[in-house]
Amino acid sequence: MDEIQLIKGVQQGDRKSFQLLVEKYQQMVVNTCLGMVHNKADAEDLAQDVFLEVFRTAENFRGDAKLSTWMYRIATNRSLNFIRNTKRKGFFQSFEEAFTGGRNRNNEITNNSSDQPDKNITDQQRSTLLHQAIDKLPEKQRVAFTLNKYEELSYQQIAEIMEISLASVEFLIHRAKKNLQKKLYECYKKKCI
Amino acid sequence: MDCKTIHQDLIFYLDNELPNESRIIVQKHLDECIECREFLALLKSEMQIISEEKNPEVSPFFFTRLSARLEEKLEYQPQNQWIRFVQPAFFSLILAIGIYGGLKVGSNASDSTTNQPVTRNIQMMNDFEAEPIESFLLEKL
């Protein structure tokens, strides 16, 4: 079933078409969300939200762009909303901690059962360092970088998804890499890993 | 070229995005500078994380969970649509009744005060007539 038939089926509420659509695009959507939020469980939840929105708003899809382009847009927007909400919650949590003097350690789960604990800690530190550096990027740079690195999309494809010019995409990715490099260099100088 | 300038280009060197001339200059510097080589190694290992973590295996129950959520949404939706129209209409009606009631009470109150003549004289108690202050003070003494 090609893209047009798939979306027509979803527009008519056909569950089989929807299932085929999900199976075709779930990896892509989960991977995009993972690149943005860095947590697999959250990425899958967000991906489900994306597909629910696709089902709900399928009639709005006019076919001006590719189906994948449309879905990338929904995935990145949903991920950005999630990140903003998480930051807001984090702000209020730290505000609460400032008054209570406590720290919620429930979220700090360590699961290190490897034979090489030092190696795992280093990998975890490296991973955390990269995620923190990506998290500090401005939103547009983050989206462009994620689509380029996690989904290996071309600059042209990213321009279509973000509805900006090719030159803007080049600039965004250039700035994103510069900023990442700067953050990593600061860590390198402090010898944090 | 100094290390600071080279550091700005290392991430692009890693991605083969430097023009040929710049790439050769960076390569030459890396051959001589341990610190820059170490930083390049750090950059490389960090970017490697992306390759390792991308494209994770999606849960085999992904569509099952999604279907369940979809069913929930569809069951909730018809009731929700009914509420979206009836609820505002209901509250508007309550508000209209409240405003009408308030106006009615207000107009009744103003009617009763204008039509009813004041027939009762309120007797002000004159303490001085009842008990002159001189006798009060004499008693105190």
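These questions and answers concern chain B of a predicted model and its contact with chain A. Local features need pLDDT of at least 70 and side-chain atom pairs pLDDT 80 or more, while totals for chains, interfaces and linings use all residues. Residues are numbered from 1 along each chain as its sequence is written, and chains are lettered from A in the order in which they are written.

Visitor: How many helices does chain B have?
Guide: Helices are DSSP runs of H or I with at least four residues, strands are E runs of at least two, and both are numbered from the N terminus. Chain B has zero strands, and its helices number six.

Visitor: Which residues of helix 3 of chain B are buried?
Guide: A residue is buried if 20 or more other C-beta atoms, placed from the backbone, lie within 10 Å of its own, exposed if 12 or fewer, and partly exposed in between. The face turned away from the buried side of helix 3 carries exposed residues, including B:Glu38 and B:Lys44. The buried ones are B:Phe39, B:Leu43 and B:Glu46.

Visitor: Why do the buried residues of helix 3 of chain B line one face?
Guide: The arc is taken from the directions from the helix axis to the C-beta atoms. Seen down that axis, the buried residues of helix 3 of chain B line one face because they fall within an arc of 60°.

Visitor: How many residues does chain B give to the contact with chain A?
Guide: Two residues are in contact if their C-beta atoms, placed from the backbone, lie within 7 Å. Chain A gives 26 residues, and chain B gives 23.
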